[in-house]
Amino acid sequence: MLDRIIRGSLQQRLLVIVAALSVAGYGAFVALRLPIDVLPDLNRPTVTILTEAHGLSPVDVEQQVTWPIEQAMNGATGVERVRSSSGTELSVVFVEFGWDTEIYRNRQIIQEKLQLARSQLPPGVEPQLAPISSIMGQIQLVGVRWKKKSRSASELRALVDQVLRPRLVSVKGVAQVVSIGGAPRQLQIVMSADKLKAHGVSVSEVADAAARANRAGSGGWMEAGAKGPLVAVTGRAQGPGDFRDAVVVEGRGPGGGEESRAG
């Protein structure tokens, strides 16, 4: 059988050469289009939960944020391991699933479990799922500081959140940008217990007044001939003065007939 194949190949040299060149050409064509995975994904399907807890130390973050989330994730369908890392104002929980699971279904399971954990977290703390990425990806830490020390940390954080972060997210290949540190800008209303008692105002009424003073609305539209311009009421607070002039309650002034204001 082998002698017959060799004899036939020698007799049909041109056919053998054409067949060999065809196979080699097809092999080169396929090889050039094969996906090259120099660094294959070596980790199991993992869902990352990021939670910012402003004002909390690493110990408080571990006890009040990380631990409740870990307990909610344990026992979820398909979960192989739960690990975490707690830092200043930031909690990171990694939930690893089995190799045969699908990442989008895993994220749905985590979302359902987070609904149970939110009731145990401190007020204002909202966990978020990180984008789908591989452990082989690179994490780059970028530090930002003022050249002039006269600028505050709050202004620096505002610059990062409003200008730098949106530009970094728009860069191709960047999965997520997390701002850490600094002091997020905020307007605080400091209440005096003596003044609240003198005016007969409760803390919840002051909070409701602050919410009303920071609300935008629409007044419909005006009939101006063939045109109907919209009427917008800009009620978003721009500074401390907007809250200072907000009316908390009417008719509860210290004299009995004046309105009480937030300021």
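**Close-up 1. Thr46 in strand β1 of this predicted model.** Let's start with a single residue. Strand β1 covers residues 46–52, and Thr46 has its place there. Thr46 has a relative accessible area of 18%, so it counts as buried, a label that applies under 20%. Leaving aside residues up to four places away in sequence, Thr46 touches Phe94, Val95, Glu96 and Ile103.

**Close-up 2. Val95 and its contacts.** Here we move to one of the residues that Thr46 touches, Val95. With residues up to four places away in sequence again left out, Val95 touches Pro45, Thr46, Val47, Ile49, Met73, Val79, Arg81, Val82 and Ile110.

**Close-up 3. The largest nonpolar core.** Nonpolar side chains tend to be buried together in soluble globular proteins. In this model, the largest nonpolar core has 23 residues. Ile49, Val65, Ile69, Met73, Val95, Ile110 and Leu114 have the most contacts inside this core. Two or more core residues come from each of β1, α3 (58–73), β2 (79–87), β3 (90–97) and α4 (103–117). Another core, of six residues, lies apart from this one, and its members include Val206, Ala209, Val248 and Val249.

**Close-up 4. The largest cavity and its lining.** The largest cavity holds about 40 Å³ of space. Its lining is made up of Glu52, His54, Thr88, Glu89, Leu90, Arg157, Ser179, Ile180 and Gly181. Sorted by type, the lining residues are two nonpolar, four polar and three charged.

Methods. Residues numbered from 1 in each chain as written. Predicted model: local features only at pLDDT ≥ 70, side-chain atom pairs only at ≥ 80, totals over all residues. Heavy atoms only, no water. 1 Å grid on protein atoms, 1.4 Å probe; cavity = no way out; pocket = protein on both sides within 12 Å on 5 of 7 lines; lining within 4 Å. Points joined across faces, edges and corners; volume = space filled by probe spheres on them. Nonpolar A, V, L, I, M, F, W, Y, C, P; charged D, E, K, R; others polar. Helix = DSSP H or I, 4+ residues; strand = E, 2+ residues; numbered from the N terminus. Buried < 20%, exposed > 50% of the residue type's maximum accessible area, 1.4 Å probe, protein only. Contact = heavy atoms within 4.5 Å. Core = buried A, V, L, I, M, F, W, Y, C linked by side-chain atoms within 4.5 Å.
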